[in-house]
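Open the model in your viewer and keep the selection panel at hand. The stops below say what to select and what is there.

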Amino acid sequence: MTGQTPPPVLEMQDVTKTYMIRRGIFSPKQPLHAVNGISLKINKGDVLGLVGESGCGKSTLAKILLGLELPSSGEIFIDGEPAYQNGDRTAIARRIQPIFQDPYSSLNPRKTIGSIVSLPLRVHKVGDPSTWRKAVEDILDIVGLPRRVYDSYPNQLSGGQRQRVAIARALIMKPEIVICDEPTSALDVSVQSQILNLLMDLREELNLTYVLISHNLAVVEHIATKVAVMYLGRIVEETGTDKLFEAARHPYTSALLSSVLTPEPGLGVPDSGLGIAFPNPINPPSGCTFHPRCAKAFGPCSVDKPPVIQDADGSVECHLYA
Amino acid sequence: MSAVLEISGLTVDIPVAAGDLHAVRGIDFSVDKGETLCIVGESGCGKSLTSLSIMGLLPKRAKINADKMQFTGTDLLSLKERELAAIRGNRMAMIFQEPMTSLNPAYTIGNQLMEPYLRHKKSSDKEARERAIYLLERVGITAAASRLSQYPHQLSGGLRQRVMIAMALMCDPELIIADEPTTALDVTIQAQILHLLAELRNEFNSALILITHDLGVVARVADKVAVMYAGKIVEAGTVEEIFNQPLHPYTQGLINCIPVPGKTARGSRLGSIPGIVPTLIGDIKGCSFRNRCGFAHDACDTNDPFHTLNPGRGYRCTLDVPACEANAKELASA
């Protein structure tokens with residue numbers, strides 16, 4: 001490579017999102033730190049797997065990236081430029097598009113497929129209306145749908161076909177980054193693999209960057225190039241997929257990995273040792289927020305916030321490696 | 001070992017505008033005390049209707065028929081609604097898929113937990129309450145006594161699913177049917193719930209029918225597996241037989257679809273099953289999988305034989321075992 005390396009396609013610097021929650025009619029509002037200081041760099045062509053339990057803030061992070069929520073503080077850069085210039089979120093929406101989990105509820109049942117897929121073009125007033133039909137048909141070809149579905153309604157399509165429509169809608173704006181929020185978990189097994197294959201093909205053909213939010217670690221292992229593990233609004237470990245699955249460092253990552261049920265008979269159901277108590281995010285535990293569930297907790301864990309250790313492999317936030 | 005549930009030739013037809021929808025088309029299975037049977041299949045294969053027909057909860061217009069449908073020796077089909085109601089929730093219980101929607105939002109957890117016990121065991125409130133607290137603790141809910149006065153919306157998804165399990169166990173049932181009990185949950189909680197189900201099954205020596213499409217779950221908890229496709233069982237066997245020697249091309253396809261950490265090469269194309277499930281309305285001839293099968297030949301248009309290799313092990317295909325094994329190799333290497 002000559003000259004300077006290109007800036008990461010997406011960079012987050014210390015992004016936070018705090019909601020003010022009222023727990024009773026007369027009680028004062030309390031802060032809930034849904035996303036609590038996240039810094040991430042995603043390079044062109046990466047597939048970042050974002051994993052963690054429900055309530056860890058991964059969906060809030062996705063909303064911030066999509067411009068659906070404004071961060072409370074912190075900066076987001078796309079190709080090195082601030083994403084929220086003059087509070088205009090249409091710029092971010094043009095370059096980052098979502099694919100949602102449930103294709104049964106994410107498509108408007110009263111609109112035709114043509115209308116659903118062309119909506120982003122109409123919203124952003126891209127090109128001449130006479131070209132829209134052609135653009136939709138081209139994208140339908142790319143995601144493997146027959147052109148005749150243009151005038152169909154979502155209820156005439158199968159689950160896999162609907163998810164292809166959702167993918168077509170995301171891709172019609174030619175985004176650089178696609179946020180896939182559990183793209184296959186509402187689908188049947190045989191259809192899941194088709195959609196995963198399609199996502200991998202599209203990434204190569206269109207040079208896309210994915211943020212893949214999933215709690216199916218087998219899927220993340222299969223298509224992600226790097227993985228960030230979230231716990232209570234923080235990224236506790238971030239590293240390349242190989243490193244993470246071979247030698248996870250954070251005890252939470254190890255526990256998550258040990259809960260994966262691989263299709264190997266005779267091994268029984270693993271016990272992750274995590275217990276059931278996901279902590280209350282309004283009143284998080286002191287020190288390291290993971291310490292009440294951690295098998296390796298020791299002295300400082302309940303007192304001090306763990307340091308972030310950055311090295312060649314990535315980052316980990318744990319007292320064990322201090 | 002005595003069979004808790006024995007079913008043969010079960011069919012369920014649902015009249016629709018275009019004719020009869022043959023949702024379940026003649027299935028046979030049995031499950032013993034202390035045994036876990038997993039029914040695997042995708043949406044629309046008839047697995048949920050099968051479980052509802054065992055519980056006697058089918059919609060009124062559905063037509064059910066069976067050569068044999070015996071629960072601990074009692075013929076379920078000959079029972080009157082009132083007799084069935086005395087068994088349901090008492091000697092057999094069901095854990096439904098959606099903990100968010102299958103609990104009544106207007107009643108407390110305690111109320112809903114105690115109801116089957118009060119009704120079937122004719123117990124006092126105090127006994128029912130103690131039983132409810134005991135079971136909530138057994139399913140790993142802390143501060144169980146105080147939970148009884150809470151409403152479903154005050155609990156997280158994982159806790160609600162635990163409440164559903166506790167509710168199913170209230171009357172110490174001989175048969176538990178769990179329909180996708182962990183699909184909506186995090187992996188960590190999924191592992192705990194399955195752990196718990198297996199533990200409770202051993203402790204109470206109940207028979208467990210687990211309906212799922214997650215092959216990871218099947219591999220880890222099943223003793224026996226029945227793979228369903230388009231209303232029929234296409235392959236049955238022990239869990240080892242199904243995973244180590246899958247014979248039906250649909251079973252083989254399903255196993256090839258899922259990435260296995262450490263085994264599937266990262267980023268490689270996953271196997272897939274092209275095409276969609278055929279319509280089950282009207283007369284269906286031959287093998288219903290033939291349109292999606294890479295090994296289909298002329299005989300598949302008319303024949304759909306089930307080969308029993310030994311009791312409990314069999315598959316539905318026009319090909320013989322060596323040919324099916326060769327197909328499996330071809331699919332796995334493709």
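Select α6 (189-206) of chain A together with helix α10 (residues 249-257) of chain B. The axes of α6(A) and α10(B) are 9 Å apart and the helices pack at an angle of about 45°. Axes here are lines fitted to C-alpha atoms, for helices over the stretch in contact, and angles run from 0 to 180 degrees between N-to-C directions. α6(A) and α10(B) are therefore oblique to each other; angles under 35 degrees count as roughly parallel, over 145 as roughly antiparallel, 65 to 115 as roughly perpendicular and the rest as oblique. The crossing of α6(A) past α10(B) is left-handed, a term used if the near helix is turned anticlockwise from the far one by less than a right angle (right-handed if clockwise).

Now show side chains. On α6(A) the contact is made by Val189(A), Ser190(A), Gln192(A) and Ser193(A), and on α10(B) by Gly253(B), Leu254(B) and Cys257(B). Two residues are in contact if their C-beta atoms, placed from the backbone, lie within 7 Å. By class, this contact has three nonpolar, four polar and no charged residues. Ala, Val, Leu, Ile, Met, Phe, Trp, Tyr, Cys and Pro count as nonpolar, Asp, Glu, Lys and Arg as charged, and the others, Gly among them, as polar.

A note on the model: it is predicted, local features need pLDDT of at least 70, side-chain atom pairs count only at pLDDT 80 or more, and totals for chains, interfaces and linings use all residues. Residues are numbered from 1 along each chain as its sequence is written, and chains are lettered from A and ligands numbered from 1 in the order in which they are written.

In chain A, 38 residues are in contact with 41 residues of chain B. On the chain A side, α6, α7 (217-223) and α9 (251-258) each give two or more residues, and α6(A) has the largest share, eight residues. Helices (H or I, at least four residues) and strands (E, at least two) are DSSP runs, numbered from the N terminus. This side of chain A has 19 nonpolar, 14 polar and five charged residues.

Select Val260(A), in the loop between α9 and β11 (308-311) of chain A. Is Val260(A) buried or exposed? Val260(A) has 22 C-beta neighbours inside 10 Å and so counts as buried. The cut-offs are 20 or more other C-beta atoms within 10 Å for buried, 12 or fewer for exposed, and in between for partly exposed, with C-beta atoms placed from the backbone. Leaving out residues up to four places away in sequence, Val260(A) touches Leu217(A), Ala218(A), Val187(B) and Pro261(B).

Move to chain B and colour by domain: domain 1 (3-91 + 171-333) and domain 2 (102-170), with bounds from an automatic or database domain assignment. Their centres, taken over C-alpha atoms, are 30 Å apart. Contacts join 15 residues of domain 1 to 13 residues of domain 2. Helix α7 (residues 187-204) of chain B gives the most to the domain 1 side, six residues.

Last, look at two backbone positions. Most residues other than glycine have a negative phi. Thr72(B), in the loop between β5 (68-71) and β6 (74-75) of chain B, has a positive phi of about 40°. Ala230(B), in the loop between β10 (224-229) and β11 (232-238) of chain B, has a positive phi of about 50°. Thr72(B) counts as partly exposed because it has 16 C-beta neighbours inside 10 Å; Ala230(B), with 23, counts as buried.
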